[in-house]
Every structure is written in C-alpha cells, then in structure tokens.
There are 4 protein chains.
Amino acid sequence: MDVCDQTPLQAVLLEIGRELESCKGEGNVADYIPELGNVNPDKFGIHLTTLASEHFAYGDTEEKFSIQSISKVFSLALVFEREGERLWQRVGVEPSGNPFNSLSQLEYEAGIPRNPFINAGALVICDHLISHCSMPKQTMMGFFRTLAGNPLIGFNQRVYESEKAHSYRNRALINLMKSYGNITNDLELVLDLYFFICSIEMTCRELAQAASFLANSGVNPLTRQQVVSSSKAKRINTIMQLCGFYDEAGEFSFKVGLPGKSGVGGGIMAVHPGKYSIAAWSPRLNAKGNSCLAMKALELFTTRTKMSIF
Amino acid sequence: MDVCDQTPLQAVLLEIGRELESCKGEGNVADYIPELGNVNPDKFGIHLTTLASEHFAYGDTEEKFSIQSISKVFSLALVFEREGERLWQRVGVEPSGNPFNSLSQLEYEAGIPRNPFINAGALVICDHLISHCSMPKQTMMGFFRTLAGNPLIGFNQRVYESEKAHSYRNRALINLMKSYGNITNDLELVLDLYFFICSIEMTCRELAQAASFLANSGVNPLTRQQVVSSSKAKRINTIMQLCGFYDEAGEFSFKVGLPGKSGVGGGIMAVHPGKYSIAAWSPRLNAKGNSCLAMKALELFTTRTKMSIF
Amino acid sequence: MDVCDQTPLQAVLLEIGRELESCKGEGNVADYIPELGNVNPDKFGIHLTTLASEHFAYGDTEEKFSIQSISKVFSLALVFEREGERLWQRVGVEPSGNPFNSLSQLEYEAGIPRNPFINAGALVICDHLISHCSMPKQTMMGFFRTLAGNPLIGFNQRVYESEKAHSYRNRALINLMKSYGNITNDLELVLDLYFFICSIEMTCRELAQAASFLANSGVNPLTRQQVVSSSKAKRINTIMQLCGFYDEAGEFSFKVGLPGKSGVGGGIMAVHPGKYSIAAWSPRLNAKGNSCLAMKALELFTTRTKMSIF
Amino acid sequence: MDVCDQTPLQAVLLEIGRELESCKGEGNVADYIPELGNVNPDKFGIHLTTLASEHFAYGDTEEKFSIQSISKVFSLALVFEREGERLWQRVGVEPSGNPFNSLSQLEYEAGIPRNPFINAGALVICDHLISHCSMPKQTMMGFFRTLAGNPLIGFNQRVYESEKAHSYRNRALINLMKSYGNITNDLELVLDLYFFICSIEMTCRELAQAASFLANSGVNPLTRQQVVSSSKAKRINTIMQLCGFYDEAGEFSFKVGLPGKSGVGGGIMAVHPGKYSIAAWSPRLNAKGNSCLAMKALELFTTRTKMSIF
C-alpha cells in the first residue's frame, strides 16, 4: 500500500469497529423475504484485501451471509466477458433514477433495463448466462469459488426458496421484458437462476477476495487468470460507481468514494482500483435498503485513510 | 319501439349494410394473437334485439366470432351481482387515460386497476369469480348460454391456446397486482379463466340477445330472471360508456352515443337502456383496436334513427 | 315534461332540499384560492329549467357564485362553433386518467391536452378564443349574458386577482405547451383570459338557463338562435359525460347519469338532452373537488324522477 | 505530475489533436437556441492545468465559447459554500434517470429536483444565490474572474437574450417548483440570473484554470484561497461524476473516468482530484447533447496517460 503501512490499517479497522459499537441498533433487517429476517441483526464485520494479498479484518468476518444483489456484479462479469459489447443492446449502463420507476421506466423504454444492477437488468444477465452455459448454476458457483479461493462456497436453500415464494414483482418484470422480446430463455429457468445466485452465501473475507479482480485490472490475484479484460473491469467499476446503491448512489459515492455494490442481506463490497478490495456486513438496513453500519464503516475507512478515488 | 316501426328499422340496417360495402378493406385484423388472424377479414354483420323481442339483422349475423374483451362485461355482471359494492375496493370505475399507462398507472396506484375493462381489472374480476364459484368456467359458460338462449355456445380451443401462449403482458400485470396483494387465487388459475372467457364465440344475434338484460334494468327478457339489480345494470352501463372502447371512449360516445364494449375479434356490443341491444361485427380494426365497420355501422344507425342517449 | 307534471317536480326539489338539510357540514370549501374561501359554506340551491321554459327551484338559487371550471363548457362551445373540427388537432376528447398525470401526461403526449376540461385543455381553448376575437373578454361575457338572458352577469374582481396570484401550476402547464408549439398567443393574455372566465359569477337560475342550449340541440331556447350545431352540442355533451368531473366522472355518471360539469366554487351544471338543464350549488367539496351537496341533490333528483340518460 | 513528465503530456495532446482531425464533421451544433448556432462548428481545443500550474494545450484554446451548463458547477460551488448542508433539503444529489422525466419526475417528487445539474436543480441554486447576494450577477461574475484569474471574463448578450426568448420549458419547470413552494424569489429574477450564468463565455484555458480548485481540495491554486471546504469539493466532484453528462453519465464515466460537466455550447470540463483540471471544446454534439470531439479527446487522453480515477 502506498499511503499506509500494515499496522495502521489494522488499527484503523479496529478503531472503526469500536466506534461503531455505539451505533448498533440503527435500521432494520430486511423482511421482504422472511428467511432473511432469521439472522442476528447486530452482527458486524469488515475485511480488506490488498492486491499484495495482505488481509486486515475486524468483527464477524468469518460468518457467512446472503450476498443477495452483490451477486449481480459477478454474474455481470461472467456474462460481459463472454458476450462482449453486444451485451449493451439489451441492457443499459446509466443510472435508473428512482425505485418508483422500476416497472414504469421499463415500460417506457420498451423492455430495456437501464443497467445490470436493477432487478430487470440482472434478469437479462441471467438470461444471457443460460444462453452461454449448459449448466449455469454450476458455472456461476464455480466462478465464485475460484474467485474467492474456496471450493466450499454454497447457497442457502431456505433463502432460495423464500425468494422464489416472494417473487411477484420480479415475475412482473420478466414477463414485461418478455412481452418486448428481451428475454430469450424459459422464464422459469431465468428466475430460478436469479434466485439461486442471490442466495449464495459468503463471508466478508471471501467476498473481499472474490472482488479483488476488479481492483486488479480484471486479473484474479490468486490465480493470475484474466477474469475479464482490463477495459471490462473498468466498465464494471463504473457501473458500480453510478448504479451500485439503489437510490443512494450519490450518497455512497460522496461518503465512501469507491465503486461498490450493496445487497439487502446487509453486505457491501467495494474496490479501490489498483489498491484493494473491501467487504463489510451488518444486517440492519437504512430506509434506502443499504446496510447502516457497513456504509458507515466504509465511510470512516476512506475518510481516515484518504484512500478513495475522489 | 317508440320512434320507429318495424319496417323502417330493418330498412335502416339494410341501407347501412349496403353503404358500408364501399368501406370494406379499411383497417387490419388483430394479429397479436396469431389465431385471431385466421378469419375472413371482410365479414360484416349487425343484429338488433328490442326489449319486445323483435329482431332485425343484416349480413353475417349467424357466424360465430371471438368475443374477446366483450366478455369482460359479462364476467363483471356475474361477479358484481355476487360481490356487491365491496367489489370497488379492488377495482375502480374511472377511465384509465391511455394504454401507455397500463403498467405504470397500476404501479402508481399500488395494484388497484382503474376499471374492470382494462386487462388488469378483468383479471381481478376473474380472481373474484374463482373465489365465488367452484367451477368458474362452467358457471361462466352457463351464464352466457342462459343469457343468449342457446345451450350450444362454446369457446374456441385454438384461440384459447393462442392467447395463453402470448400472454406475457397479462402475466406482468397479474404478478404486479399479486405483489400488492390484489390477487387472492393461484395466478395460473386466474389467467386460465381469463383466456377461456376471452375465447368464447358468439354470433351477432346471440351477443345482442345476451346483452339485452343491460337494456332491461337487469332482467333477462327471455327468462324474466333478474340477472343483476337495476342499479347494478346502470353501473355497468356507465362503466361501458366511460371505459368500453380503450382509448376511444370519447369518440365512440360522441359518434354512437350508447354504452358499449368492443373486442379485438372485431365485435362491438351496445345497449340503449329501456329500448334495445345491438351487436355488430367485422374483423378489421382501426389503430385504436376497435372494428372499423362495426363502429361505422353503429354510428350510422344511431344517427339515422336518432336512437342514442345523448 | 313527459314523465312528471309540474307540481311533482317542484315537490321533488323541495323534498330533496329538506332531506339534504341533515347533510350540511360535510366536505370543505376550496381553499387553494383564498378568495374562494370567503363564502358561507352552508349555502345550497338547485334550479331546473325545462325546454318548455318551466322553472323549478329550491334554496339559494338567486345567489351568485363563482362558476369556476363550469365556464370551460361555455368557452369550448364558443370556440368549437368557430373553429370546427380542426379544434381536435390541438386538444383531445378522451378522459385523462388521474390528476397526478396533469403535467406528466402532457409531457408524454407532447403538449396536446387530453380534453378541453382539464386546465391545459381549457388554456388551449382560451388561446383559440384570442385568435378568433379582437375583444375576447367582452365576447365571452356577452355570450354568457345572452345565454342566461341577463345583461348584468359579471365577474368577481377579487377572485380573478386571487386566481392570478396563485397560478403557478397553470403557468407550468401553459409554458410546457408553448415549448411544444401548442400555444400561439401571448401567454399572459391567455392566462388572463382564463382567470377572467373562471371568475365569472352566476346564480343557479342563470346557469341552468345558460346551459339549456346543450339540452336543446344547440339552440338557445330564449332567442331561438343556433348557438352551436346539433352535432356540436352532442359532442360537448359527450365530453361532459366523460370528462366533466375530474377524477369522479365514473361516479357521477353512475349516480346522476347526466352529462355535466362541476367547478371548485361548488357549482354543478347538468343537462338532459331533449328535456331540461339543471344547476345546483353548495360550496363544500368532497376529496375529489366536487360539491358534496350538489352531487347528492342531482343524484336524488335523477333517481326519484328516473330522468337520467341511462 | 507523478506519471508523466512535461514533454509527453504536451505530445499526447498534440497526437490526440491530430488524430481527431479525421473525426471533424460528426454531430451537430446545438440549435435549440438560435444564437448558439452562429459558431464555426469545426473548432476544437483542449487545455490541461496541473496543480503545479503547468499548462498544456492544443487547438483553439484561446477562443471564447458559451459555457452553458458547465456554469452550473460554479453556481453550485458558490451557493453550497454559503448554504451548507441545508442545501440538500431543496435539491437532491442522485442521478435523474432520463430526460423524459424532467417534468414528470419533478411532479412525482413534489418539486424537489433530483440534483443541481438538471435544469430544475440549477434554478433552485439560482434562487439560493439571489437570497444570499444583493447583486448576484456581479457576485457570480466576480467568482468566475477570480477563479480563472482573468478580470475580463464576460457574457454574451445575444446568447443571453436568445436563451431568454426560448425558455418555455424552463419556465414550466420553475412554475411547477413554485407551485410546490420550492422557489422563494421572484421567478423572473431567478430565470434572468439562470440565463445570465449560462451565457458566460470562457476559453478552454480559463475554464481549466477556473475548475482547478475542484482538483485541489477546494483551494484556488492561484490565490491559495479556500473556495469551498475539502469535503464540499468532494461532494461536488461526486455529483459531477454521477450527474454531469445528462443521460450519458455512465458512458462518460467509463470512457473518461473523471468527474466532469458538459454544456451544449460544446464544452466539457473535468478534474482529476489531486492532479489536474482539463477543458475541451468543440461545438458539434452527439445525440445526447455532449460534444463529440471533446468527449473523444478526453477519452483518448485518460486512456493514453492512464490518468483516470478508475
């Protein structure tokens, strides 16, 4: 690391962790999927991995949590690498405005989702995945395992089933896109893959590790494999920067200043291109659906270390 | 009839029929469902039934056609009679503005369709029908047969299957409503009933007869049975007046001046409360989805006989 | 009258008036324009004029009130007669959906208002009026005076100024239309005429009289002058039926069953083509902006006399 | 500069300039304001200023052009420094989705613009400016002159008048906001200030210099004065990153990778925090309203120098 040596970084995380003790209790655990509610709401962990394979951590960083929408970054990476620029004919790269627009905007824009991180866009990505892979679930799971360096990563069956049982809005989205011809595979297969990917579980450490290729010009630091081209890594980082936090992208960009992605499981993953990747987790969410403590932790981290992109 | 005696009415229909010969060829047969395209586009028929059981007809009035959305009037009648005023908690009675709004407006209004004649509203009616009847298809079919006085009315299996295979937008609508809690039964059952009802086939004569209870204060003139209360018949007529012609309610009200309902099969049914019911059919549609010739025939009819409500 | 002789009609109004005594107090006087609030909220009057020039009345029918949006029917009549069918190139004849759409729908439909009774549409009518008349205020005022048979009809200066001072939304509408090229005259002139027309004051008797040409195929029963052609009168009645009551057109059509128009001053005017015109007034409004008591009075009237169009 | 020495940077600009010669002719000069059309469409210039006060330039960098919406960054800076965090009660910091939403979204969100760079938001900023300054035009002009280090910066009277004469949509926006209470000063004063600021003219060199405080933690490198706090500079950069390029923020972020702001005069300004500021100009715009050549020049620059934030 060019601005901090090892000891201070660990000290900074420790300091942040202690400081956040007093903030525990803010926000509420996601309840739109019942299964997500069955988690200790006061868990908190943060883990940082540098490109030099240094690791710094604080808290519950070895506990698995549901990565939910953070998975959309990884399915995008897999599909983008295979599909190339043609991908953007079926999904955009611009912010979507506000959540109210979800179906309205999709209808107005004739079935083309604004970006790959809103649900409609992620469904298009899953549709591509099925077109490219004969066994998309296995391919996706293998991708996560290789990136995280852990062959034991899995998914949560109960969360998966819970998602599936509470999926009416996603079904409305995919049917609307299908009516515009923007889904090519069987809808049930696409939805099933989508729920499967959302229900994957990782620890903070695994997630930080898995994301590190995006900080490393597309190269997996563990295997030296080029996961996506350097240009594609940059594109993905840009989309995270602009669209990664639902209706709070501006707020996160300002406070944290890193490209990142959040999930309603309470996780946030972020990368500093050329330097490090980081993952934080705490289940209680703010009104916009982002983890209160994880956001605060990342904000404190980039503020104190001055390691943001702005 | 108080303004015309029998001979002139038949003469008027004959005159209109001949006049419209020169207009054949305008418009296009609906093609969003392939099966609907398999019909002779130049068919035309018009049939009028007075409350005194007089019949006047011209053209292909004994030929069966797909009544499509005209069926929504009958399913509304059946459900409204059973459910009563509580019905309006789940569906409105106001015009919907324009087709663009279909999903957007439904999203903005939290899953409550604006009226029972837009697709979303008709799906809510089907949902009620399932809640009220153990065998809703049979009940609905029996309802049509009794009203039309013909036990042989049936549905078109190929149209039914064709509807079902091209139903993504309807599936988007029903899933969106379900996400707001405005559908209570299994979505597949509701959709299946909806497609079934849309694929019922009738002749102009049968349709005019079946609608006559709405001109007769809710009483079936054939059986003297009170199908719906007088007040409910008035409510249904009002909804037809305001919402019966997609985005052309104002145009139809002005030109024809009768409460009515059209379908993309090319049929139009209309009633003159206290006087008569009428059905016209011709498959070619204008840009708004209403039959060119059937609209023109009804316009000529009410203009010449001065038998409109305005 | 064909269904009631004179004595019962007067008796019906008396009965309705007494019955509504118990409903006084419901609803609230419009307050978006402060000046409209300066009125005794418990006033109530109803006046009916038959085409045979019979008059029946109950309550405060000789008291002037601000006719507000009811004026839109009269400016439409004046402009439609002069402009003819070309008018519909710049304003539609279809219901607008809901109030939320006011600016959104206008933007989506590129500056063409859905009908002449939403504010945007009435502004287009005023724009036409200025194009057709060298002194549009005088022309409009003369029109009202001739129709009502009273040369003393005037406008309320304080209401006019109050409207003008609280006109931001109307200014947003007219500027948006101008940006699409759908306003041809100076915006201030158009707005000024609009506010002037809205602030005209009439009594129930005068209003019922002024509207009677719409019940009489376009002929002013006092002067025998053809105000608008019979076809145009029918068109105007149709637009009233579908668009006359903001977001309560369906409700009014069902309950009252007559083409009509309401204003936030608490007035409602309605016509029964071929039979009579009627005006009711009471300042307290329901949540949709229509007079509680005037609506109820008209509902009771058409229910008891069975004199509705449905 | 830490990655390039002086000679190569100048060489890079020269190379880019030559390369772009072949692209001249793409796109069209803005014509929504006639006066903007009176410019040589094939002009092109690019100027870079490092925090160490080095200057590198190519092309027409000493020619004045209309900065248009780029001015919104400077009015925001001036107001944000004075108003502080309370500013965000009246304007948001999130991307707006798409241009279609301009009025619709503002209506849906009750008059609160999504960010300070859409027109509605910039009008709110002007409203604040009037509240804070007795002579806002002079204050604003003085601000530009001090930042650019040139007391002769001025505005174009004809562009100013041309803007004013073609301002219906902006008038619709401001009236809509006023109807929601989100404008406090006289509308004409606010609009006049808005048009004035948009019609300021600068050269590429002046613009790059004026923007350099945003690359320098809020400090004007010429005067060492703290223009805005370091935190506020970061906030402004974030908003530029997410909202600076109309409906092409994602595209620009990816291709150029710097916070920036474009104007329909063909200018683009961007900053690399801690390193440099840069301005490019060429009048022909792409379909999204951003300068074709200026975008391409910045893309080539950050690609070759690897000096972007991603």
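Tutor: Let's take the terms in turn, with the copies first, then helices and sheets.
This is a predicted model, where local features need pLDDT of at least 70, side-chain atom pairs count only at pLDDT 80 or more, and totals for chains, interfaces and linings use all residues. Residues are numbered from 1 along each chain as its sequence is written, chains are lettered from A and ligands numbered from 1 in the order in which they are written, and side-chain values use heavy atoms, with hydrogens and water left out.

Student: What makes the relation of chain A to chain D that of a two-fold axis?
Tutor: A rotation of 180° with 0.0 Å of shift along its axis puts chain A on chain D, with an RMSD of 0.0 Å. That is what a two-fold axis does.

Student: Which residue of chain A comes closest to the rotation axis?
Tutor: A:G97, whose C-alpha is at 1.9 Å. The same surface serves both copies, too: 100% of the contact residues of chain A recur in chain D. Contact here means heavy atoms within 4.5 Å.

Student: Why is α6(D) called oblique to α8(D)?
Tutor: Helix α6 (residues 157-165) and helix α8 (residues 187-198) of chain D pack at about 135°, with axes 8 Å apart. Angles under 35 degrees count as roughly parallel, over 145 as roughly antiparallel, 65 to 115 as roughly perpendicular, and the rest as oblique. The angle of this pair falls in the rest, so α6(D) is oblique to α8(D).

Student: Which residues meet there?
Tutor: D:Y160, D:E163 and D:K164 in α6(D) meet D:D192, D:F195, D:F196 and D:C198 in α8(D). They divide into four nonpolar, no polar and three charged. Ala, Val, Leu, Ile, Met, Phe, Trp, Tyr, Cys and Pro count as nonpolar, Asp, Glu, Lys and Arg as charged, and the others, Gly among them, as polar.

Student: How do you know that α5(B) and α8(B) are roughly parallel?
Tutor: The axes of helix α5 (residues 136-148) and helix α8 (residues 187-198) of chain B come within 10 Å and cross at roughly 20°. That is a roughly parallel pair, therefore. The contact of α5(B) with α8(B) has seven nonpolar, no polar and two charged residues.

Student: On to sheets: what makes β4 and β5 of chain A edge strands?
Tutor: Three strands form an open antiparallel sheet in the order β4-β6-β5 (chain A). β4 (65-66) and β5 (154-155) each have a single partner strand, so one side of each is left without a neighbour in the sheet.

Student: How do you know that β5(A) and β6(A) pair?
Tutor: Two strands pair if DSSP finds at least two bridges between them. β5(A) and strand β6 (residues 200-202) of chain A have two bridges, in the antiparallel sense. A:F155 stands opposite A:I200 in β6(A).

Student: Which strands are at the edges of the five-strand sheet in chain A?
Tutor: The order is β3-β2-β9-β8-β7, with antiparallel pairing. The edge strands are β3 (55-59) and β7 (260-262), each pairing on one side only. Inside that order, β2 (residues 45-50) and β9 (residues 276-281) of chain A share six bridges, and A:T50 stands opposite A:Y276.

Student: And what joins β2 to β3 in chain C?
Tutor: Five bridges, and the strands run antiparallel. β2(C) and β3(C) form a hairpin with four residues between them, and C:S53 in the turn has a positive phi of about 65°.

Key. Copies are superposed by least squares on the C-alpha atoms of residues with pLDDT of at least 70 in both. Axes are lines fitted to C-alpha atoms, for helices over the stretch in contact, and angles run from 0 to 180 degrees between N-to-C directions.
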